[in-house]
Amino acid sequence: MCYDVKAQLETQLRRAKRDSDVHAIAEIKDRLAGLTDHPYHHVSGFKHPKLVIYTNEHPMEPVISQWGLAPHWVKDKKQLYGAWNKTLNARGETIFELKSFKSSAIHRRCIIPIDGFYEHRHFKGKTYPHYIYRKDGKPMNLAGLWREWTDQVTGEVLHTFSIVTTTANPMMEKIHNNPAASEEPRMPVILPEELEEQWLQDYEEELTEQAINPLLQPFPEKLMTFHTVGRLRGKEYAGNIPEINEKVSYPELDQQLLF
């Protein structure tokens, strides 16, 4: 799954910089200032943070969106908070089947650029947090679904998104190894640069599933790397600070030739 990420504003704006000059980027930064809590050295999806995404409607224009796709049938914030945590991720295999995601899978897809994500490995009854990122240092551009939701009581409009997941590659199988999980190891769908526009492209409704399914593949492990980091939960959690994703060694893990 993907519930914890690192997402710097500079990383999230890199896509917008492709077609924008220095002045345009400065204007974008000014416009976004104060609308999010960047920098996110570590943030949990369960806090429903506001991140920068790029939608199929505006592929090069950054949009502020809140993590957790708001179901269309939810009428107010009270109902939303009861359902929100269930839509942080969307299984790629079922996005065209479940009513929570089907409409967005067909009509509203997006890209969420991040620096990397965190996952916990289980070993002898304990969990060990890992930070996973690209070897080349480039952003991980995650496949996502988005929706605008209106609170029928207050009229407030929220822009929301979910991260699409797929089966884990061999590296992620070893990290995302929760023995209590009811499903196979997962990982977010990380789009190679050459497939980003294909994900955002609009298709005839009856052809969308056929066009999108081939993109829902595990990212090659040879292009990824990882290291263990400090605790991301509980009293030992240091918080959203730059040092949170620095390498921390666990001797009991270091003695295991796991990778």
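The second largest pocket in this predicted model holds about 200 Å³ of space. A pocket here is an open set of points on a 1 Å grid over the protein atoms alone, with protein on both sides within 12 Å along at least five of seven lines, and lining residues have an atom within 4 Å of a point. Grid points are joined across faces, edges and corners, and the volume is the space filled by probe spheres set on the points. Residues are numbered from 1 along each chain as its sequence is written. Local features need pLDDT of at least 70 and side-chain atom pairs count only at pLDDT 80 or more, while totals for chains, interfaces and linings use all residues; side-chain values use heavy atoms, with hydrogens and water left out.

**The pocket lining**
- Lining the second largest pocket are 14 residues, and L35, K50, I64, S65 and H159 are the ones nearest its centre.
- Two or more lining residues come from each of α3 (22-32), β4 (63-67) and β10 (157-167); helices (H or I, at least four residues) and strands (E, at least two) are DSSP runs, numbered from the N terminus.
- The biggest contributor is β4, which gives four residues.
- Sorted by class, the lining has seven nonpolar, four polar and three charged residues. Ala, Val, Leu, Ile, Met, Phe, Trp, Tyr, Cys and Pro count as nonpolar, Asp, Glu, Lys and Arg as charged, and the others, Gly among them, as polar.

**Helix α3**
- I25, I28 and L32 are the buried residues of α3; buried means under 20% relative accessible area, exposed over 50%, and partly exposed in between (1.4 Å probe, protein chains only).
- Looking down the axis of α3, these buried residues fall within an arc of 55 degrees, so they line one face of the helix. That arc is taken from the directions from the helix axis to the C-beta atoms.
- An α-helix has 3.6 residues a turn, so residues three or four places apart point the same way.
- On the face of α3 turned away from the buried side sit the exposed residues V22, H23, E27 and D30.
- The cover over the buried residues of α3 includes α1 (9-12), α2 (14-17), β3 (50-55) and β4, with contact meaning heavy atoms within 4.5 Å.
- After α3 comes G34, with a positive phi near 85 degrees.

- Most residues other than glycine have a negative phi, and most peptide bonds are trans.
- H38 and P39 are joined by a cis peptide bond, with omega about 5 degrees; P39 is in the loop between α3 and β2 (40-44).
- H48 has a positive phi, near 50 degrees, and is found in the loop between β2 and β3. H48 is buried, at 9% relative accessible area.
- K124 also has a positive phi near 50 degrees, in the loop between β7 (116-123) and β8 (126-134). K124 is exposed, at 74% relative accessible area.

**One more loop lysine**
- K86 is in the loop between α4 (77-83) and β5 (89-91), and is exposed, with a relative accessible area of 69%.
- C-alpha to C-alpha, K86 and P71 are 9.8 Å apart in space, and they are 15 residues apart in sequence.

**The whole chain**
- The chain has nine helices and 12 strands.
- Buried residues account for 51% of its 259 residues.
- Along its principal axes, the C-alpha trace spans about 55 × 45 × 40 Å.

Key
On a 1 Å grid over the protein atoms alone, a cavity is a set of points where a 1.4 Å probe fits but cannot get out, and a pocket is an open set with protein on both sides within 12 Å along at least five of seven lines; lining residues have an atom within 4 Å of a point.
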